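Please examine the sequence and the structure shown below.

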Amino acid sequence: MSWKIPLFKICWDEDDINYVTNVISSGMNWAVGAYVEKFEGMISEYLGVKRCVAFNSGTSALHATLLAHEIGPGDEVIVPSFTFIATANAPLFAGAKPVFADIEEETFGLDPDDVSNKISPRTKAIIPIHYGGCPCRIKELKDMADDRKLVLIEDAAEAFGASVGDQKVGTFGSSAILSFCQNKIITTGEGGAVVMNSEEICERLKLIRSHGRDDSHADYFLSPDSGRYVALGYNFRLSNILAALGVSQLRKVDRIIRDRQRKAALYYSKLKNLNNKVILPGSPAGYRHVYQIYTIRVDANIRNELQSGLAEKGIMTKVYFSPVHLTEFYRANFGHREGELPVTERLAREVLSLPLYVSLTEQEISYIAESTGETIEEIGV
């Protein structure tokens, strides 16, 4: 379908083209090259961590992180169900069991109280997400993980640049994963990364992402040697072409975030008159929300009608997220049923994400806001 206003558009400029062209025109180093290390270094510096390892997706980054932390068969990993399915699938990739905990309403992040209730002798790790660009209650979860000697892995796929006070998300846990898929704050089309301060975890991740091969002494593609294979690994590498795009994108990340925050403020000014019918997104005091998505809440009885009505007006919206534990796969294979996570299930019936991107105009935001109000009126609420 051709949308009058799509859910997202990528923020790009001539610099992005030039950086990628530079790699392509070199005629070499399209797979592995200097831009990968440069991108990793820029991410580390921006977030304030010691190390970064780039991956070809946020999903492979999360899979590798669990392996690097030696999480596997017999272990349990506490995850939200209100997330993209990769968060829950990753423990299965490693042979561990995902255990779902409920969320709280203010940030849509894991509820520390319910996480505490779900910890068992088999629990090895907690993976909270920072929903839509808003930090979760990460300090409480960190304290809990530290007290119980659990691994805390932040899924910061949607929240690059978000922070609590002066500390950016992705720096609270043992490790954190990032995503650079096309709808994220900055994008390489597909891509991801893991950030951490542990040199040991960093070295394990490097082996895991490239067939278990020790590339510390030579570039495999530029060396006549066949390589030293010292561990089991995968092909999870980010290409040098995409890393060059990442470097260009990261150079403008603060401008992108400011623009997204301005769009969110415009939405608020134009939707606040619907406050008795629409709950608008926000964040706790001291939290920096980067608005990777703009999610409103409406009465569950009208949400689907509102989405259909906006679609008729050419406005794309999306439900982020339907509960993972109620997908066909998790029902069929793990016996999950409705009622297990009441807050998750209730909020999942109420949420609707509206278009948000840097090039979205004030006129388009006005059209979306007016269409939202008109559609709710037509529904008769």
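**Helices, sheet and backbone**

In this predicted model, helix α10 passes helix α13 in a right-handed crossing. Two packed helices are described by the angle between their axes and the distance between the axes. For α10 (residues 303–312) and α13 (residues 362–379), the angle is about 125 degrees and the axes lie 9 Å apart. An angle from 65 to 115 degrees would count as roughly perpendicular and one over 145 as roughly antiparallel; α10 and α13 are therefore oblique to each other.

The contact can be followed residue by residue. On the side of α10 stand Glu 305, Leu 306, Gly 309 and Leu 310, and these meet Ser 371, Thr 372, Thr 375, Ile 376 and Ile 379 of α13. Of the residues in this contact of α10 with α13, four are nonpolar, four are polar and one is charged.

The next feature is the sheet. It is open and consists of seven strands, arranged in the order β1-β9-β8-β5-β4-β2-β3, with mixed pairing. At its edges are β1 (51–55) and β3 (97–101), each of which pairs on one side only. From one strand to the next, the twist averages 25 degrees. Strand β2 (residues 76–80) pairs with β3 in the parallel sense, over five bridges. Within this pairing, Glu 76 has Lys 97 in β3 as its bridge partner.

Helices also pack on the sheet. Helix α2 (residues 34–47) touches β1, β8 (175–179) and β9 (192–196), and its direction makes about 130 degrees with that of β1. Helix α7 (residues 199–209) likewise touches β1, β8 and β9, but the direction of α7 makes about 15 degrees with that of β1.

Finally, the backbone deserves attention. Most residues other than glycine have a negative phi, and most peptide bonds are trans. Which two residues are joined by a cis peptide bond? They are Tyr 320 and Phe 321, with omega about 10 degrees; Phe 321 lies in the loop between α10 and α11 (328–334).

Lys 149 is not a glycine, yet it has a positive phi of about 55 degrees. This residue is found in the loop between α6 (138–148) and β5 (151–155). Tyr 291, also a residue other than glycine, has a positive phi near 50 degrees and is found in the loop between β13 (287–288) and β14 (294–298).

Is each of these residues buried or exposed? Lys 149 has a relative accessible area of 75% and is therefore exposed, as the cut-off is over 50%. Tyr 291 has a relative accessible area of 12% and is therefore buried, as the cut-off is under 20%.

Key: Residues numbered from 1 in each chain as written. Predicted model: local features only at pLDDT ≥ 70, side-chain atom pairs only at ≥ 80, totals over all residues. Heavy atoms only, no water. Axes fitted to C-alpha atoms, helices over the stretch in contact; angles between N-to-C directions. Helix = DSSP H or I, 4+ residues; strand = E, 2+ residues; numbered from the N terminus. Parallel < 35°, antiparallel > 145°, perpendicular 65-115°, else oblique. Left-handed = near helix turned anticlockwise from the far one by under 90°. Contact = heavy atoms within 4.5 Å. Nonpolar A, V, L, I, M, F, W, Y, C, P; charged D, E, K, R; others polar. Pairing = 2+ DSSP bridges. Buried < 20%, exposed > 50% of the residue type's maximum accessible area, 1.4 Å probe, protein only.
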